[in-house]
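Visitor: I have a protein model to look at. Please take me through the terms used for it.

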Amino acid sequence: MSVNPAPSTDEERLAQLGYQQELHRRLSGFSNFAVSFSIISILAGAITSYGIAMNAGGPLAITLGWLFVGIMVTFVALAMAEVCSAYPTAGALYWWAAALAKRNKAAWAWFVGWFNFLGEVAVTAAIDFGAAITTSAFLSLAFDWEVTTGRTFLVFLVIIVVHGLLNTFGVNLVRVLSDVSAWWHLVGVAIIVGVLAIVPDNHKPISEVFTEVHNSTGFTFAGASVYAVLIGLLMAQYTYTGYDASAHVAEETHDAARAAPRGIVMSVVVSVIAGFILLFAITWSIQDYEGALGTDLGLPPAQIFIDAVGHDTGTFLLFICVVAQWFCGMASVTANSRMSYAFARDGALPGSRLWKKVNPRTGTPTNSIWLCVSISILLVLPSLWNTTAYLAATSIAVIGLYIAYVMPVFLRRINPDFEPGPWHLGKWSAPVGWLAIIWVVIICVLFVLPTASPITASNFNYTIVAVAVVVGLATVWWFAGARKWFTGPRQNLIEKAAHGEPTLPTE
């Protein structure tokens with residue numbers, strides 16, 4: 001897994017890492033960026049989780065909190081990108097861990113892989129469930145459709161099944177839709193911001209947009225407002241997830257050692273800037289804070305749009321968000337399935353032989369796509385009984401993904417033999433890497449804390465339970481048998497050669 005002299009082609013670099021080209025390499029650098037930017041989706045995460053920050057922290061957590069978290073996440077993205085440039089393979093995070101660990105390589109790969117898998121599935125579930133909430137609010141406004149828990153779940157099922165089907169049709173369709181998605185997000189934000197700046201008769205004082213604190217958590221102890229602001233940072237931190245997608249589609253990207261790390265970093269940087277402008281405009285336009293927070297639509301930004309610019313125009317702005325969230329979920333299924341395919345290719349998932357298969361016609365891991373869709377549906381099922389399911393899914397996604405993000409960064413920092421790829425941080429590598437690690441430790445503590453008082457069975461933060469269950473099962477499985485057969489990433493060129501199979505690059 002060492003870095004050899006620069007290869008002349010992506011296929012040769014992949015062969016150096018031990019893999020034959022199986023997926024179709026048809027993504028440009030812009031398409032690679034577009035996949036991650038679509039999953040971050042400021043018109044998805046920032047809209048569907050806006051109520052979290054309205055409830056805990058208020059405008060300060062929404063605006064300045066977004067900027068602060070964005071800066072910290074940029075450090076994480078930079079540190080990840082440097083490792084990605086050295087190892088541009090679909091396995092990404094867990095593969096990097098195996099390559100960088102000095103000892104117990106297989107164990108590092110196993111646990112990072114399972115955190116990544118947990119986070120990917122949870123974020124797919126949260127994105128499409130959030131899209132179902134937004135779509136239900138739009139249908140209510142446009143067609144007087146009654147929003148119920150059961151109907152929202154049915155909308156979620158339709159959305160995620162369509163995303164599975166679109167991903168099944170091949171990477172060319174994914175490429176086109178991802179490119180369209182990136183422009184839809186940028187133009188959509190410009191339209192929403194322009195309308196919210198011009199049309200409303202009244203705006204909140206700008207000072208309040210940046211400094212007002214709102215605490216509806218129920219906590220009243222000294223410093224409760226500060227605690228509420230910290231809890232409200234989940235809105236931003238959840239939105240800034242999924243940019244590892246640029247690494248997961250590296251084997252489908254041209255000039256992957258440069259394009260994939262650029263995709264990781266630029267998707268975050270563009271989201272920080274565009275997201276701040278969007279959130280400022282929405283918060284500036286709030287007419288009735290409590291009314292928006294308690295809206296029957298189930299989505300505070302939808303009520304803010306209606307209150308600020310009227311029913312018809314507000315419905316149109318919400319439609320822009322609905323389409324963006326649809327794109328976001330589609331890209332999330334893409335990244336999720338590639339990670340699962342790579343993990344199965346290395347024998348780490350139950351039934352790996354089934355999940356690692358690639359459809360020779362479309363060049364997509366069809367079985368892995370539907371595995372991810374099915375598990376995401378199971379994660380959202382509790383929403384039929386427990387209204388805190390979405391909050392739990394967002395927290396699980398954040399913690400699962402960020403632990404997976406930062407473990408290879410930590411291993412890179414303690415590995416003096418790391419050889420950078422063509423995209424690297426130079427002298428800034430160490431301070432950026434350690435800042436990224438410290439931030440992830442902070443959020444892993446922060447987002448398992450109670451979010452409401454008094455604490456009951458319905459509002460309990462089950463994130464710690466879900467993470468503990470996954471860690472526990474992965475640990476038990478490891479010591480019960482996986483440590484005997486899971487050797488880390490399996491280099492399929494070696495396996496194919498041993499079986500006498502052809503190892504020529506495919507398209």
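Visitor: How many of the residues count as buried?

Guide: Of the 507 residues, 62% count as buried, where buried means under 20% relative accessible area, with a 1.4 Å probe and protein chains only. This is a predicted model, in which local features need pLDDT of at least 70, side-chain atom pairs count only at pLDDT 80 or more, and totals for chains, interfaces and linings use all residues. Residues are numbered from 1 along each chain as its sequence is written, and side-chain values use heavy atoms, with hydrogens and water left out.

Visitor: What makes up the secondary structure?

Guide: There are 22 helices and 2 strands; these are DSSP runs, helices being H or I of at least four residues and strands E of at least two, numbered from the N terminus.

Visitor: Why is α6 called oblique to α7?

Guide: The axes of α6 (residues 105-143) and α7 (residues 149-168) come within 8 Å and cross at roughly 125°. That makes α6 oblique to α7, since angles under 35 degrees count as roughly parallel, over 145 as roughly antiparallel, 65 to 115 as roughly perpendicular and the rest as oblique. Axes are lines fitted to C-alpha atoms, for helices over the stretch in contact, and angles run from 0 to 180 degrees between N-to-C directions.

Definitions and conventions. Buried < 20%, exposed > 50% of the residue type's maximum accessible area, 1.4 Å probe, protein only.
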